[in-house]
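Subject: Handover of a structure and notes on it

Dear colleague,

Please find the structure for your files below.

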Amino acid sequence: MKTWRQVAGLAVVAALAGCATGGVDVAEQGAAPALASGLALAGTTEAGAGTALISKLREQGVDTARAEAPLLLEIASGERPWPVGAYSGNSAPDEPAAWLAPPRPRPWWAPKSARICTLEARVIAAADGHEAYRVRASALGRGEGCGRSEALVAAVAASLAGSSAGRR
């Protein structure tokens, strides 16, 4: 009987751990452009996830070094603590009602060092500067890159390469 309770307890802990770790969330916006004509990089690429994304795209056959390409690729990445809120203005308001989204306490099951990491790629039409496509991957984790840098890079690269292959 004690063994059954231990197994049931482990199953509950495993289920909660699965909920807490989650996967990589991917959000796409805009019509998928054909990347076969190549991309030029908009601005400089920071080390880390941006460089890894460019390498991954090159491995998948996307030319990212064309200076006169019709499309520009802009890469941004960020990390923030998990339980943050949102406000408008120069400083955080004192009244909770003035916040757009007030900060919430950290859930009891979440590690204190939990962070939300994002990697975003924007494809911009070089002719007029309008955004043609955007993909953003987010993950919850701990440590640098939330411990999921490769997963974020793979998700964004797959979406961009999928747009070049016409798969949607």
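Two residues are said here to be in contact when heavy atoms of theirs lie within 4.5 Å. This is a predicted model, in which local features need pLDDT of at least 70 and side-chain atom pairs count only at pLDDT 80 or more, while totals for chains, interfaces and linings use all residues. Residues are numbered from 1 along each chain as its sequence is written, and side-chain values use heavy atoms, with hydrogens and water left out.

Overall architecture

The protein has three helices and five strands; helices (H or I, at least four residues) and strands (E, at least two) are DSSP runs, numbered from the N terminus. In order from the N terminus, the elements run α-β-β-α-β-β-β-α. Among contacts in the protein with a separation of 6 or more, 72% are between residues 24 or more positions apart. Of the 168 residues, 27% count as buried, where buried means under 20% relative accessible area, exposed over 50%, and partly exposed in between (1.4 Å probe, protein chains only).

Strand pairing

Two strands pair if DSSP finds at least two bridges between them. Strand 5 (residues 131-141) pairs with strand 1 (residues 25-29) in the antiparallel sense over five bridges, and V135 in strand 5 is the bridge partner of E28. Strand 5 is also joined to strand 4 by 10 bridges, again antiparallel; here V123 has Y133 as its bridge partner. The hairpin of strand 4 and strand 5 has five residues between the strands, and G129 takes a positive phi near 80° in it.

The residue T118

Which residues does T118 touch beyond its neighbours within four places in sequence? They are A76, S77, G78, R136, A137 and S138. T118 lies in strand 4 (residues 115-125). It counts as buried because its relative accessible area is 15%.

The nonpolar core

A nonpolar core is a set of buried Ala, Val, Leu, Ile, Met, Phe, Trp, Tyr and Cys residues joined through side-chain atoms within 4.5 Å. The largest one has 24 residues, and L53, L73, V123, V156 and L160 have the most contacts inside it. Helix 2 (49-59), strand 3 (71-81), strand 4, strand 5 and helix 3 (149-165) each supply at least two residues of this core, and helix 3 gives the largest share, six residues. Leaving out residues up to four places away in sequence, L53 touches I75, A121, V153, V156 and A157.

Yours sincerely
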